[in-house]
Amino acid sequence: GLSTLTAAIRGACVRSLRALRIDQLDLYLMHWPPADDDMLILAWRAMEMLVADGLVKSIGVANYSRRRLQLLIDRAGDAANQDKSPENSLVSSVPMAPAVNQVEAHPGFRNDALIAFCKARGVHVTAYCPLGGAPSRTVKASSGGLLSSLRVVESAS
């Protein structure tokens, strides 16, 4: 349930804080959405509580599709208009949409549609492997990667 999930997410955050020897993170990401939409919403509520408790300043996600992002954005909007009674405080204490969606984006896979979707909804996009780091589904390892791509080399000149 929510209390077990909240404890697990909070515990992971606290372990990160201790390992880094700091009191608060600027940004904490939920990596890969749960397969079940109900579990996604429960996990997101737990992330929101990290902000409410002052452990993190902002929360975000990684590898989320438009559909999954929209679930969280809609939930934040719906929760902002909910009853603020004490029994409903966990749901409505700090409803928020993700601040960031970290996704694969680079010259070989621009991910324009998802980036436009995020921009229109105020979700910042951070690219992982922006210059191709590990081989992706769009850049073959045998090609030498993006750093040897003609498009990238010409842009850097």
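Me: What percentage of the 157 residues count as buried?
Reply: Keep in mind that this is a predicted model. A residue is called buried when its relative accessible area is under 20%. Of the 157 residues of the protein, the share that passes this test is 36%.

Me: How many helices and how many strands are there, and in what order do the elements run?
Reply: The protein has 6 helices and 4 strands. Read from the N terminus, the elements come in the order α-β-α-β-α-α-β-α-β-α.

Me: Among contacts between residues at least 6 apart in sequence, what percentage join residues at least 24 apart?
Reply: Contact here means heavy atoms within 4.5 Å. Take the contacts between residues at least 6 apart in sequence; the part that joins residues at least 24 apart is 68%.

Me: In what order do the strands form the sheet, and which are the edge strands?
Reply: The 4 strands form an open sheet with parallel pairing, in the order β1-β2-β3-β4. An edge strand pairs on one side only, and that describes β1 (25-31) and β4 (124-128).

Me: By what angle are neighbouring strands of this sheet turned against each other on average?
Reply: Direction is ignored for this value. On average, neighbouring strands of the sheet are turned against each other by 30°.

Me: Which strands does helix α1 touch, and what angle does its direction make with that of β1?
Reply: Helix α1 covers residues 2-20 and packs on the sheet. There it touches β1 and β2. Its direction makes an angle with that of β1 of about 135°.

Me: How far does α1 reach from its first C-alpha to its last?
Reply: α1 has 19 residues. At 1.5 Å a residue, the expected reach is 27 Å. The model is close to that, with a reach of 27 Å.

Me: Which residues of α1 are buried? And why does Cys-13 count as one of them?
Reply: The buried residues of α1 are Leu-2, Leu-5, Ile-9, Gly-11, Cys-13 and Leu-17. The cut-off for buried is under 20% relative accessible area. Cys-13 is buried because its relative accessible area is 0%.

Me: Which helix lies between β1 and β2 in their β-α-β unit?
Reply: The unit is right-handed. It is made of β1, β2 and a helix of residues 37-52, namely α2.

Me: How many bridges join β2 to β3, and what is the bridge partner of Val-61?
Reply: Strand β2 (residues 56-62) runs parallel to β3, and the two are joined by 2 bridges. The bridge partner of Val-61 in β3 is Asn-101.

Me: Is Asn-63 buried or exposed?
Reply: Asn-63 lies in the loop between β2 and α3 (66-80). Its phi is positive, near 70°, although it is not a glycine. At 16% relative accessibility, under the 20% cut-off, Asn-63 counts as buried.

Me: Why is β3 described as largely enclosed by the rest of the structure?
Reply: Count the buried residues in this strand. β3 is largely enclosed because the number buried, of its 5 residues, is 4.

Me: Where is Gln-102 found, and why does it count as partly exposed?
Reply: Gln-102 is found in strand β3 (residues 100-104). Gln-102 counts as partly exposed because its relative accessibility is 23%.

Me: What distance separates the C-alpha atoms of Gln-102 and Ala-62?
Reply: Beyond its neighbours within four places in sequence, Gln-102 has contacts that include Ala-62 and Asn-63. Gln-102 and Ala-62 are 40 residues apart along the chain, but their C-alpha atoms are separated by 4.3 Å.

Me: How many bridges join β3 to β4, and which helix does the chain pass through between them?
Reply: β3 and β4 run parallel and are joined by 5 bridges. The β-α-β crossover from β3 to β4 is right-handed, and its helix, residues 112-120, is α5.

Me: How many disulfides does a search of the whole structure find?
Reply: A disulfide needs two cysteine sulfur atoms within 2.5 Å. Cys-118 is buried, at a relative accessible area of 1%. For the whole structure, the number of disulfides found is 0.

How values were computed
Residues are numbered from 1 along each chain as its sequence is written. This is a predicted model: local features need pLDDT of at least 70, side-chain atom pairs count only at pLDDT 80 or more; totals for chains, interfaces and linings use all residues. Side-chain values use heavy atoms; hydrogens and water are left out. Buried means under 20% relative accessible area, exposed over 50%, partly exposed in between (1.4 Å probe, protein chains only). Two strands pair if DSSP finds at least two bridges between them. Axes are lines fitted to C-alpha atoms, for helices over the stretch in contact, and angles run from 0 to 180 degrees between N-to-C directions. The expected span of a helix is 1.5 Å times one less than its number of residues. A crossover is right-handed if, with the strands pointing away from the viewer, the path from the first strand over the helix to the second runs clockwise.
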